[in-house]
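This briefing is meant to be read beside the structure. Please keep the sequence and the 3D view open.

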Amino acid sequence: MDFAFFLIQLLNGLQYGLLLFLVASGLTLIFGIMGIVNLAHGSFYMVGAYLAWSLSSLTGSLTAAILLAVPLTVMLGMGLERLLFRHLYRRDHLYQVLLTYGLILVFEELRSVLWGDDTHGVAVPALLSYSIPLTDNLSYPVYRLAISGVCLLLAAALYFLIQKTRLGMMIRAGASNRDMVQSLGIDIKLIYTLVFALGIALAAFAGMINAPLSSVFPNMGSQVLIICFVVVVIGGIGSVKGAMVASLMIGLADTFGQVLVPEVAGMIVYVLMAVVLVWRPEGLFGRG
Amino acid sequence: MHKNEKIGYDRREFLKGGTAIAAATAAGVLSPTGIALAQQAKLRVGLMLPYTGTYTPLGVAITNGFKLAVQERGGKLGGREIEYFVVDDESNPAKAPENTNKLIQRDKVDVVIGTVHSGVALGMAKVVRETGVIWINPNAGADEVTGPLCAPNIFRTSFSNWQNTYALGKVVKQRGHKTAVFITHKYAAGEQMMSSFKDAFEKEGGKLVKELYLPFPQVEFQALLTEIASIKPDAVVAFFSGGAAVKFIKDYQAAGLKGKIPLYGPGFLTDGVLEEVGDAAEGMETTLHYADGLDTKKDKAFRLAYVKAYKLQPDVFAVQGYDAGQLLAAGLDAVKGNVGDKAGMIKGMEAAKIDSPRGAFTLSKAHNPVQDIYLRKVVGKQNKVMSVAAKALADPARGCKA
């Protein structure tokens, strides 16, 4: 591997990591702030992807599909929080695991009934549907770069929301002491509903913008779910900053692992997780 | 349909009762009273296929094909009506022995048809080897099934993983490519296809310069595509299927490699995905035991009948299911429906020349099709046949001692 290709692999790794961050950030938010173990996170990713596919084939434009689908997923998140999740905040994690595992089955079945079991491709928006030549035989798809840009923007927006705004302050306060926040006259229920909807929308949005790259297929959510849990555990539960660092680490480890040690590439991210957990059991940025 | 099944059940119960009285034994099975009674009972066929999950369309196509073969024989095989016992194997290897046992022990099927997933098929092989029930495998290509695990009662109507890529190795060399890279998921099917490609390609004087593996079922190809660009081989050979194939073909184009380094593969790479990949697959050459545009009388008739029966276009999986039905028919015809004569049935199946839509084929000693492998080219939305890449290719059946 010469230097130029090393740089390209570096870019590949960062780009993959940013994408992982987008899915994992919603999981870590819901996990960390509300204490909900959401196994159905991958299902929301899948719902986003299928919405992007069906709406973009209806409207003929992925952008229009995303604009339509994001409000839908926010409503879905708020509805589920009110109907189901709200009743489980004070219960043991086992109840949440049972509920969200049930949701995985429900969403898979609904997907099968509504959209069928076939694989579908989603077209890259025409504006971004070209590649930049990097070497004599390799080009880089512009859509991948655009996704990385969107991921970075969203990461910055999340950081700003949680660290710099009044709402973010309430969210953080709610995470550390729900009862105290409530007795100060803040509508903690509403805040929880919002955070949950935000987490769901982030997962679904990741599914939408990634649909042209990953294509759309049954069980796509479960693949994403596992790697997201690895990200959340390495980064420290509830830490958005941790999720970012862990995503990039995994993106790079996976990319270089595949190229340098292809025989054991499948294990590398899990070895990384084990090493981090031995060194810092609470994760890189966990609160211990 | 449901009503008929009910009647059949009652009749069998009645027969059972009669037999039991006659033989004065509680274990009233049909066989002791002889052929006459047995032939009137329905033939019990177990279908163990995926009806949920990613492989659902394949399971359905195989089922449709099998039933079409039965319908064409007036709904009877060897003069006997069929009763189906269906198990969804969920493509879950962990449940394979249990599911196979359900059919054999609980439902007492005379023959098992299945399945798609190779891991599940290996689990089935274990059980059918122990019980001796006749098993026809209409898809799963694991070399072991007609290799180390081969047995007199184990048959396959599809392909072995070895076959398609062995033919491909020669084709790629004939195209003038001296070096190649093989890329696939890290699992048994991928490794078996890679190794037979390597055998054939290097025998002809080519060099497989790198084997690239991706953990199953990941589909993030970017790092490996970059690696391919840096190696600069004369040709790339890929094995992926379904969603992974769609994504790989598209990514290959987006990475600018299409048109610079030609991409080949076993036919699974471009089967059933052409609607989704658009023009990214145009011109790709693949090898498979079936193709579009074969234009034979049998293939045309089959396609027409299939479309008429199911309002769907048949694919290679439907063909394999159809041939499983044809093979079973040959076995039963040989013994006039007397399924108790297992040796005679096996003999009949071994001797059969199956008039398949893919072209007639016979079975090897290990019971795998000895078949033509076609070279196909993606033209529009079709895998058009170009030529025969390997004539009557037989799997070497390495490790088969039966």
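The model is a predicted one.

**Chain A overall**
- Chain A contains 11 helices and 2 strands.
- Starting at the N terminus, its elements follow the order α-α-α-α-β-β-α-α-α-α-α-α-α.
- For 288 residues the globule rule gives 19 Å, and the radius of gyration of chain A is close to that at 19 Å, so chain A is as compact as a globular protein of that length.
- Along the principal axes, the C-alpha atoms of chain A fill a box of roughly 65 × 50 × 35 Å.
- Buried residues make up 47% of the 288 in chain A.
- Among contacts in chain A with a separation of 6 or more, 74% are between residues 24 or more positions apart.

**Contact between the chains**
- On chain B, 33 residues are in contact with 30 residues of chain A.
- At least two residues of this side of chain B come from each of helix H3 (56-72), strand E8 (207-214), helix H8 (222-231), helix H9 (243-254) and helix H10 (274-277).
- H8(B) supplies the largest share, 7 residues.
- The side of chain B that touches chain A has 16 nonpolar, 9 polar and 8 charged residues.

**Strand pairing in chain B**
- Strand E1 (residues 43-49) of chain B runs parallel to strand E3 (residues 80-88) of chain B, and 7 bridges join them.
- Opposite Leu49(B) stands Asp88(B) in E3(B).
- Strand E2 (residues 76-77) of chain B pairs with E3(B) in the antiparallel sense over 2 bridges.
- Leu77(B) has Arg80(B) in E3(B) as its bridge partner.
- The hairpin formed by E2(B) and E3(B) has 2 residues between the strands, and Gly78(B) in the turn has a positive phi of about 55°.

Notes: Residues are numbered from 1 along each chain as its sequence is written. Chains are lettered from A and ligands numbered from 1 in the order in which they are written. This is a predicted model: local features need pLDDT of at least 70, side-chain atom pairs count only at pLDDT 80 or more; totals for chains, interfaces and linings use all residues. Two residues are in contact if their C-beta atoms, placed from the backbone, lie within 7 Å. Helices (H or I, at least four residues) and strands (E, at least two) are DSSP runs, numbered from the N terminus. Ala, Val, Leu, Ile, Met, Phe, Trp, Tyr, Cys and Pro count as nonpolar, Asp, Glu, Lys and Arg as charged, and the others, Gly among them, as polar. Two strands pair if DSSP finds at least two bridges between them. The radius of gyration is taken over C-alpha atoms; the globule rule is 2.2 Å times the number of residues to the power 0.38. A residue is buried if 20 or more other C-beta atoms lie within 10 Å of its own, exposed if 12 or fewer, and partly exposed in between; C-beta atoms are placed from the backbone.
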